[in-house]
Structures are given as C-alpha cells and as structure tokens.
Amino acid sequence: MMSQNTDDITKAKQAKRQKTGWTMEEIKEQAAKDFKKYKEVSKNNPEPEGFASGDMKKVLEEDEDNDEEC
Amino acid sequence: MLATHADAERRYEELRKEALKAATETIQGQDVNNIKLCTINNEALKASRLWEKSSTRCVDWDWFEGYHSLQYRYPKRFEMAIWETNKLIGLSLGRPTYQGTALRLDFVEASPLDLGDRPAIIEYVLLGYDIYARLINAKQIRIMNPINKTVLAYYEKFGYEYVSRSNYLFRSIL
C-alpha cells in the first residue's frame, strides 16, 4: 500500500514537472541524491585513462539544425 | 551582436551560473570541500594551455579557439570548468538541441594525469549537466560521440543508454 502511494506521488510530481518544470528546491533535492549515486559508481569504476570524450572538431564544423529530436 | 542574441546570452549566463552554484553547493554539502565548478573564463582557458605540455593527452583540442568560436554561436550552451583548489582539472561544453528537449554534452576533457594527480571528474560533470538540464526544462541528457568503447562503457555505468545510429548516449531526467 505504502509503495503504491509512493509511486502515485512520484507519478504526480513527474506530471507536474511536464507542465511547469522543476523548482530550484526540487532540483537541489534531486541533485543531492544523484551526486551521492554518482560518487558511489565512480568509486567502483575507475576513470578511463586520459579521460576525454566527444569531438570538438565535428562540433565546430556542424550545423546547429542537424539535431534529431525524439 | 544583435539585441536578441545579447539578451539570450545574458539570460542563459545567469542560468549557467545558477546551475554551477547549485552543483558546487551540492558537492560541498557532501563533504567534498576542495572542488568548485565555474563557467569557462580566461583563467580556465589559460590553465588549459598547460595541458598541451602533457605527453599522455589523448586529444589535441584547442580549448581557447574552440570555446571562443562556440561561445558566440550558442548563447544557450552549458559550460563548466572544474577546479580542485586552484588547479584546473576538467572542462566541458554542451548545448541544448535545436528544440530544447535535450541537453547535449558535446565534449569533456580531464586534465592529463602526467601533469599531476586529481580526482575523477565524471560525478561533477554529470551533476552540472543534470542541474542545467532541469533548469532549462530539458527532458533528456545526451552524451555525444563517445570517444571509444571504454569511455562508452564507462558512461553506461552511470545509467546512460547508447544509441548507435546517432552515436550518443542518453538518460531521461523526468
């Protein structure tokens, strides 16, 4: 019953965010949870050697309008 | 610079700073007191010049030129310089997709380890993008063009899913 209520609250919050976006308070609350998770994952998964990612040259050459939306 | 462009730059600069401030507060609220996230300023770009002296660096990006070129083109961009006390340990730049439904992480680089030890930067990078994405009401974060399979697998550990057709990873942020 309790988890059903929690699910309902989560769904209601998500529906509200779809309409009005996140408040700063909600963002900070979520950030604290996410950062805790990230630290844990990072601790157990060493960073790849010479960590870099992406393609600066491609971005410098590309057209902004080529993004696909989904 | 057109008035509308200057206005967008000003408005989004405020959002960037707000996101980076919230990220720094979150990090320091969990007892990591020597890390600070800032926008990419001249001090950060100057510090990135030192990376060119590395013999282990995997990319030959010119952050000075790259940043200045993209700064004007993308007023809604997200950018991040990660400082450990007074040492620059990471830079990243991204931008919302054309319709604003997703925030792209276009590229990221950590300071080369042969120039000195540093902590992993991934948790700070992802945190900053999460916060900015929520501030601009994007529904997804996309990590574009993972540089190799090792890095791709690394991102997957943090909950990102790979789309091979377009070569990016994504995570929904509902």
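Modeller: What follows sets the computed values against the cut-offs behind each term.

Modeller: This is a predicted model, in which local features need pLDDT of at least 70 and side-chain atom pairs count only at pLDDT 80 or more, while totals for chains, interfaces and linings use all residues. Residues are numbered from 1 along each chain as its sequence is written, and chains are lettered from A and ligands numbered from 1 in the order in which they are written.

Colleague: What makes Arg77(B) buried or exposed?

Modeller: A residue is called buried if 20 or more other C-beta atoms, placed from the backbone, lie within 10 Å of its own, exposed if 12 or fewer do, and partly exposed in between. Arg77(B) has 22 other C-beta atoms within 10 Å and is therefore buried. Arg77(B) is found in the loop between H3 and E2 of chain B, where helices (H or I, at least four residues) and strands (E, at least two) are DSSP runs numbered from the N terminus. Leaving aside neighbours within four places in sequence, Arg77(B) is in contact with Leu70(B), Leu93(B), Gly94(B) and Arg95(B), contact being defined by C-beta atoms, placed from the backbone, that lie within 7 Å.

Colleague: Which class do Thr85(B) and Asn137(B) fall into, and why?

Modeller: Thr85(B) has 9 other C-beta atoms within 10 Å, so it counts as exposed. Asn137(B), with 16 C-beta neighbours inside 10 Å, is therefore partly exposed. Thr85(B) lies in the loop between E2 and E3 of chain B, and its phi is near 50°, a positive value in a residue other than glycine. Asn137(B) is placed in the loop between H4 and E5 of chain B, with a positive phi near 65°.

Colleague: How do you know that E3(B) pairs with E2(B) and with E4(B)?

Modeller: Two strands pair if DSSP finds at least two bridges between them. Strand E2 (residues 78–84) of chain B and E3(B) have 7 bridges and pair in the antiparallel sense, with Phe78(B) opposite Gly94(B) in E3(B). E3(B) and E4(B) also pair in the antiparallel sense over 7 bridges, and here Ser92(B) stands opposite Val108(B) in E4(B). The hairpin of E2(B) and E3(B) has 2 residues between the strands, whereas that of E3(B) and E4(B) has 5, with Gly100(B) taking a positive phi near 80°.

Colleague: What makes strand E3 (residues 87–96) of chain B mostly covered?

Modeller: In E3(B), 9 of the 10 residues are buried.

Colleague: How many bridges join a strand of chain A to E4(B)?

Modeller: Strand E1 (residues 52–54) of chain A is joined to E4(B) by 3 bridges, and the two run antiparallel. Gly54(A) stands opposite Phe107(B) in E4(B). Chain A itself has 3 helices and 1 strand, in the order α-α-β-α along the sequence.

Colleague: Why is H2(A) called oblique to H1(B), and what is it relative to H4(B)?

Modeller: Axes are lines fitted to C-alpha atoms, for helices over the stretch in contact, and angles run from 0 to 180 degrees between N-to-C directions. Angles under 35 degrees count as roughly parallel, over 145 as roughly antiparallel, 65 to 115 as roughly perpendicular and the rest as oblique. The axes of helix H2 (residues 24–44) of chain A and H1(B) come within 10 Å and cross at roughly 50°, and H2(A) is therefore oblique to H1(B). H2(A) and H4(B) pack at about 155°, with axes 9 Å apart, so H2(A) is roughly antiparallel to H4(B).

Colleague: Which residues of H2(A) and H1(B) meet?

Modeller: Ile27(A), Lys28(A), Ala31(A), Ala32(A) and Phe35(A) in H2(A) meet Ala22(B), Ala23(B), Thr26(B) and Ile27(B) in H1(B).

Colleague: How many residues of each chain make up the contact between the chains?

Modeller: The contact involves 46 residues of chain B and 33 residues of chain A. H4(B) gives the most to the side of chain B that touches chain A, with 8 residues. That side has 26 nonpolar, 13 polar and 7 charged residues, where Ala, Val, Leu, Ile, Met, Phe, Trp, Tyr, Cys and Pro count as nonpolar, Asp, Glu, Lys and Arg as charged, and the others, Gly among them, as polar.

Terms used: Contact = placed C-beta atoms within 7 Å.
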